[in-house]
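Please have the sequence and the model open as you go.

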Amino acid sequence: MRGVALLWQALLDLWAPVTCVVCGCPWTEAGFCAAASASRGLRIWDEVPLCRRCAAGIGPPCRAVVGTGTGDLPLLAATETTAVIAGVIHAWKYHGQRGLVGPLAAALAKSVRLLHPWEGCDLVPVPLHPRRLRARGFNQSALLARVLALHLGAGVREDLVARVRATAQQARLSDPEARMGNVVRAFRSPGCTARPVDRPLVVVDDVVTSGATVVEVVRALSAADLPVVAVLAIATSLPGQGARAAKVAAASPEGDHVANKAARAQWR
Ligand SMILES: [Zn+2]
């Protein structure tokens, strides 16, 4: 049977060679894992081949700290930012390979369960400005949150925070202070909407580099009395208790909210 399968694949290869969307290696070289999973926001043609070597580059899980200025928040990530994961995320965000959300969300869900006992929380994806959303066609953090929610049994709240100011792409700014200035006051929360907020909130972003974006999202939610207990990301370059985390904290002088403190205490 295996011979028939190989022959069939060889014929398919002649017609349309199957290559990894990230590294471009042919399927015979490394083997492939199923990349897409049927879920809200994905279409059949979003399925993409990802080789096992690139898939294996997602990990190991890491735990860091985001200093929000109103207390530290735990950050759970599937991996530190490495060249491999940067390549996967680049293909996913900028080359329209939506199906890569499958292995990325699966790796993050696995890491979250390894790093912390998961309790009922709702996921709040970092919103895109409507103009950026139109240009890219999808909000990668929202897609990640939706697929992640299927793994974790969580809800997704896209109604609690909006990006009210168009900003430059954080990825194009290398200096942490420039990143911070770029997103300051970029988000606003309407507070409670028609749906009550009855579960602790966890902010979801694709990559956390300086922490500036998620800090602003947490600040907007906190200003509307909505408790945030943690941040999830596929990859981060934030150290556990490093200089960059401290720097973000130092630039956010607002006071904490009592409910937030209690909710966050459960995550320590
Ligand atoms: Zn590959």
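Leaving aside neighbours within four places in sequence, Leu148 is in contact with Ala105, Leu108, Ala109, Leu123 and Val204 (contact: C-beta atoms, placed from the backbone, within 7 Å). This is a predicted model, where local features need pLDDT of at least 70, side-chain atom pairs count only at pLDDT 80 or more, and totals for chains, interfaces and linings use all residues. Residues are numbered from 1 along each chain as its sequence is written.

**The core**
- Leu148 also belongs to the largest nonpolar core, which has 73 residues; Leu148 is among those touching the most other members, together with Leu75, Leu104, Val202, Val203 and Val231.
- Such a core is a set of buried Ala, Val, Leu, Ile, Met, Phe, Trp, Tyr and Cys residues joined through C-beta atoms within 7 Å.
- Buried residues make up 42% of the 268 residues (buried: 20 or more other C-beta atoms within 10 Å of its own; exposed: 12 or fewer; partly exposed: in between; C-beta atoms are placed from the backbone).

**Strand 10 and its partners**
- Nine of the nine residues of strand 10 (residues 228–236) are buried, so this strand is largely enclosed by the rest of the structure.
- Strands are DSSP runs of E, at least two residues, and helices are runs of H or I, at least four, numbered from the N terminus.
- Strand 4 (residues 72–80) runs parallel to strand 10, joined by five bridges, and Thr79 has Ala235 as its bridge partner.
- Seven bridges pair strand 9 with strand 10, also in parallel (pairing takes at least two DSSP bridges).

**An exposed loop residue**
- Thr193 sits in the loop between strand 8 (187–188) and strand 9 (201–208).
- Thr193 is exposed because 11 other C-beta atoms lie within 10 Å.

Methods:
Two residues are in contact if their C-beta atoms, placed from the backbone, lie within 7 Å.
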